[in-house]
2 protein chains.
Amino acid sequence: MEKYIVVQKFGGSSVANIERIQNVARRVMETKNKNNHLVVVVSALGDTTDDLEAMALKLSSNPPDREMDMLMSTGEQISCALLSIAINALGHKAISFTGGQVGIRTDNTHTKARIETIDAKRIKKALDENKIVIVAGYQGVTDDDDITTLGRGGSDLTAVALAKTLNARVCEIFTDVKGIYTTDPRIVPEAKKIETIIFDEMLEMASLGAQVMQARSIEVAKRFNIPLHVRSSFSKEEGTMIVKENEKVEEVAVRGITCNKAEAKITICAVPDKPGVASKIFTELAKAGINVDMIVQNVSHTKLTDISFTVPDAVFNKAITATKKISHKIGAGEVLSDENIARVSIVGSGMRSHSGIAAKMFQTLAENKINIDMISTSEISISCIINYKFTDKAIKALHKKFNLGNS
Amino acid sequence: MEKYIVVQKFGGSSVANIERIQNVARRVMETKNKNNHLVVVVSALGDTTDDLEAMALKLSSNPPDREMDMLMSTGEQISCALLSIAINALGHKAISFTGGQVGIRTDNTHTKARIETIDAKRIKKALDENKIVIVAGYQGVTDDDDITTLGRGGSDLTAVALAKTLNARVCEIFTDVKGIYTTDPRIVPEAKKIETIIFDEMLEMASLGAQVMQARSIEVAKRFNIPLHVRSSFSKEEGTMIVKENEKVEEVAVRGITCNKAEAKITICAVPDKPGVASKIFTELAKAGINVDMIVQNVSHTKLTDISFTVPDAVFNKAITATKKISHKIGAGEVLSDENIARVSIVGSGMRSHSGIAAKMFQTLAENKINIDMISTSEISISCIINYKFTDKAIKALHKKFNLGNS
């Protein structure tokens, strides 16, 4: 029987303590016993990363990025060594590696480096020796052998990139939930675990608020067509497969519903409606380091228009200051703002061919007396900004209307 | 003015918490401001190494050495990154490196590797850029890029080896005591800090119980004639210089007094006095992995002799079992043992030329009614095994008799 390579990634909560590390070790052994070649990527134990960061911030308000990477990368090195020790204790040969040791080369953008090449020679050698290979996630090295990290959620990226390089059959992402749900089960108890979802939908859901996987890793998986399996490390149940569109996935108009309450809305009134004005506004905000999210500008029938946009709550004050400054400079009117908003989005690749989805969404909100502040659409998603206190009500109503539940 | 290279090593207690790391950073800056090139070697924060080891032992009673090195080396990586961040926060450029990054190549004897070569290119480049270089102690890498550790006290070795490679002017060992004392000040309050001591004396003292520095690092420093300065990280006071004999060191008969209470004595009675018997006994013990310390065999006037030796308390039971086995095999008599012993030693290079030192030691013990069980001598030391309850009394009396105190 031919051996397939399987890549498994275990998140921080899956290896938060000794018992959980032992649980992961048993889990890994089960997969190995099915006669696969196995590469396991681990995140840092539980809160290690936060603890290390807190220590650094006590020493400096602005620690050098290179030194932070040197520090932060130890979390994953600890957990991969411990997992290897746990597997060896169960009687199977395992060997742990840092990102650098398995040839993960990155650029030198410390704290958010990009993987450039992976030389999988050492992994292949270890697999040929029938060893289970454990790799520290979230890290690589530059050409100068400086340690880099890949940013939050970077262990997902390590797993997907290794799966690509090794031509793995599947990349399993083990986490503390059972898969991707039609919406947040804490809001809608009838939310259903999605069996299969396509990359584009998953990408849209991740960027619209679903927090299970890092968006960048999904992009990479999509680009190289690496099937992802998001599942729970605490249950044997199958999770959610994330695959390419052309595979046999039932096409539905709406796959899932996401929300994001951590946004605020800013409106500049009476903006002179002439070319280059929008560019000026958003250049100013970009200079202030503010990531603008949704932008809406209505067709104007006069020489003045209103421009609205949303920003993450965390940068709201900074954004207001920058907006007032540029508003004054371009001769616009008042700046209005509202922190009490939420974005509710429906996502589904079937929207491309099904018509009337948007109308159905607006109608559902109207039936529930929920006012829509802003609307924005992509090819496979529709988002509405509403008052945040109606978020759960809106999600429940939409989930029911689009028939996403179990019942 | 020509710049000298200074290597400083800070032990775990010197970097045990954020405040102490900041203290070390300030200390380092003071040296740097004297216009030196500075390379700083750090141990792991306080109890990190013990904590990591405890986690591993919860997972396995016999974790693979390679994986242990992967785990344990993170302690020093964390402390060197944090110290670098602390120095940068004080406004000076610093850069941290793992053992592997500064080219410390070792053999592959994991957990007690030996340094083979150091390629100091990267350190020299960083020094040329006027950066303070921080190196993770206790570690290196094999030719396969596997991480190795150098055994307990290995950070001392890293410091001495770097001092040798960089042709440093001095290697300063910062610790939580003010230097090397004539004897343990907790036993003899009048104990005096030694200003200068020669390598051979320090080596003898380290192997006879003084725990300030790892013996292997002193050997390396001796071999390459690298002056060591053992001093406190909590005080500006000069510590103890460890230097070569031919430098201007006052020759005294007795430089210091050490003791070791963690030994036990075993005697095999009525051993047939014929060639090869001693060899059989100690080969058997070596096979059982027992490190025998002092060995004494008296001239025999009959065909039977007694052989006594000491072993560390930790392996006493194992040693008794092995001894009884071989004693039976060679047709010897009873096996006697005594765990309640201590070894008291006087050390001094002046012994080579001064006569009567041994007699004075035995006389002092006799005056204090302390019985001597065994005697062993080297060129520059004399050790007596006595009942452990007289240890402090013996040390106090000897310290006074040889005039080592402050008063």
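## How the two chains meet

The copies meet through the same surface, because 100% of the interface residues of chain A are also interface residues in chain B. This description rests on a predicted model, and the values given below are computed from it. On the two sides of the interface, 26 residues of chain A are in contact with 26 residues of chain B. Helix H1 (18-33), helix H2 (48-59) and helix H3 (65-89) of chain A each supply at least two residues of the side that touches chain B, and the largest share of that side, 13 residues, comes from H3(A). The classes of the residues on this side of chain A are set out in the table.

| Class of residue, side of chain A that touches chain B | Number |
|---|---|
| nonpolar | 15 residues |
| polar | 8 residues |

## A sheet in chain B

Chain B contains an open sheet of 8 strands, whose order is S3-S6-S2-S1-S9-S11-S12-S10 and whose pairing is mixed. At its edges lie strand S3 (94-97) and strand S10 (196-198) of chain B, each of which pairs on one side only. On average, and with direction ignored, neighbouring strands of this sheet are turned by 20° against each other. Helix H5 (residues 154-165) of chain B packs on the sheet and touches strand S1 (5-10), strand S2 (37-42), strand S6 (132-136) and strand S9 (170-175) of chain B, while the direction of H5 makes about 180° with that of S1(B).

Within the sheet, strand S11 (residues 228-232) and strand S12 (residues 240-243) of chain B run antiparallel and are joined by 3 bridges; B:Val230 has B:Thr240 in S12(B) as its bridge partner.

## A hairpin in chain A

In chain A, strand S17 (residues 374-378) and strand S18 (residues 381-387) pair in the antiparallel sense over 5 bridges. S17(A) and S18(A) form a hairpin with 2 residues between them, and A:Ser376 stands opposite A:Ser383 in S18(A).

Terms used: Residues numbered from 1 in each chain as written. Chains lettered and ligands numbered in written order. Predicted model: local features only at pLDDT ≥ 70, side-chain atom pairs only at ≥ 80, totals over all residues. Pairing = 2+ DSSP bridges. Helix = DSSP H or I, 4+ residues; strand = E, 2+ residues; numbered from the N terminus. Axes fitted to C-alpha atoms, helices over the stretch in contact; angles between N-to-C directions. Contact = placed C-beta atoms within 7 Å. Nonpolar A, V, L, I, M, F, W, Y, C, P; charged D, E, K, R; others polar.
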